[in-house]
Amino acid sequence: MFYSKVSKDKYLIRLVKGENVGDSILKFCNELDIKNAYLTAIGAIESPTVAYYDVRVKKFLEKNLSGDYELASFIGNIAIFKNKPLLHAHVSLSDSEMKVFGGHFVSAKVAASVEIVLDIFETNHIKSRDEEVGLNLWNLPKECK
């Protein structure tokens with residue numbers, strides 16, 4: 001992994017071939033004590049696992065894809081869950097026939113490179129389990145009615 005701090009609250013990160021995408025992002029956040037952030041990325045990944053959240057049964061349905069994929073879009077956030085940074089991201093992937101797959105990001109290895117823009121929020125918001133929907137969601141202090 002290579003990175004550059006480009007402003008007070010923004011980093012450019014480049015993951016290299018063979019790195020685990022999710023683990024590398026979380027390692028970066030742990031090492032720099034980043035608690036809340038927004039990220040976008042593009043690149044090339046291999047053997048990704050994506051998921052679809054079935055709201056009715058409150059369960060992720062995972063799909064393992066084999067081979068290399070273009071990481072056409074990767075958007076997500078970082079928040080604290082159980083005292084550790086938690087990555088929540090969604091992806092759009094395309095294969096060699098330009099077929100697109102998308103969903104909740106679970107895991108992938110870098111096939112060539114992944115370039116990330118990480119915008120840090122100077123906050124300490126946590127995620128908590130929302131039993132009604134079955135997901136870990138931002139625990140935000142204010143409500144609009």
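Modeller: Helices are DSSP runs of H or I with at least four residues, strands are DSSP runs of E with at least two, and both are numbered from the N terminus. The model is predicted, and what follows describes that model.

The largest pocket has a volume of about 520 Å³. Its lining consists of 24 residues, and the closest to its centre are Leu86, Leu87, His88, His104 and Phe105. By class, 11 lining residues are nonpolar, 8 are polar and 5 are charged. Six elements each give at least two residues to this lining: helix H1 (21–31) and the strands E4 (59–64), E6 (84–94), E7 (100–121), E8 (127–130) and E9 (135–138). E6 provides the largest share, with 6 residues.

E5 and E6 form a hairpin with 2 residues between them, and lysine 82 in its turn has a positive phi of about 55°.

E6 also pairs with E7, again in the antiparallel sense, over 5 bridges. Serine 94 has valine 100 of E7 as its bridge partner. This pair of strands makes a hairpin as well, with 5 residues between E6 and E7, and the turn includes methionine 98, whose phi is positive at about 65°.

From E7 the pairing continues to strand E2 (residues 10–16), through 7 bridges in the antiparallel sense. Tyrosine 11 stands opposite leucine 118 of E7, and lysine 5 stands opposite tyrosine 11 in E2. The strand that pairs with E2 over 5 bridges, antiparallel, is E1 (residues 2–7); the two form a hairpin with 2 residues between them. E2 has a covered face made of Tyr11, Ile13 and Leu15, while Lys10, Leu12, Arg14 and Val16 make up the uncovered one.

Two residues show how further segments meet this arrangement. Threonine 49 sits in strand E3 (residues 36–54). Threonine 49 counts as buried because its relative accessibility is 8%, below the 20% cut-off. Beyond four places in sequence, threonine 49 touches Glu62, Lys63, Asn64, His104, Phe105, Val106 and Ser107. With asparagine 64, the threonine 49 side chain makes a side-chain polar contact of 2.6 Å.

Glutamate 19 lies in the loop between E2 and H1. Glutamate 19 is buried, because its relative accessible area is 16%, which is under 20%. Apart from neighbours within four places in sequence, glutamate 19 is in contact with Met1, Arg14, Ser24, Ala108, Lys109 and Val110. The side chain of glutamate 19 also reaches two backbone nitrogens: that of valine 16 at 2.7 Å, and that of methionine 1, which lies 3.2 Å from a polar atom of this side chain.

How values were computed
Residues numbered from 1 in each chain as written. Predicted model: local features only at pLDDT ≥ 70, side-chain atom pairs only at ≥ 80, totals over all residues. Heavy atoms only, no water. 1 Å grid on protein atoms, 1.4 Å probe; cavity = no way out; pocket = protein on both sides within 12 Å on 5 of 7 lines; lining within 4 Å. Points joined across faces, edges and corners; volume = space filled by probe spheres on them. Nonpolar A, V, L, I, M, F, W, Y, C, P; charged D, E, K, R; others polar. Buried < 20%, exposed > 50% of the residue type's maximum accessible area, 1.4 Å probe, protein only. Polar contact = N/O pair within 3.5 Å; in protein donor to acceptor, adjacent residues only side chain to side chain. Contact = heavy atoms within 4.5 Å. Pairing = 2+ DSSP bridges.
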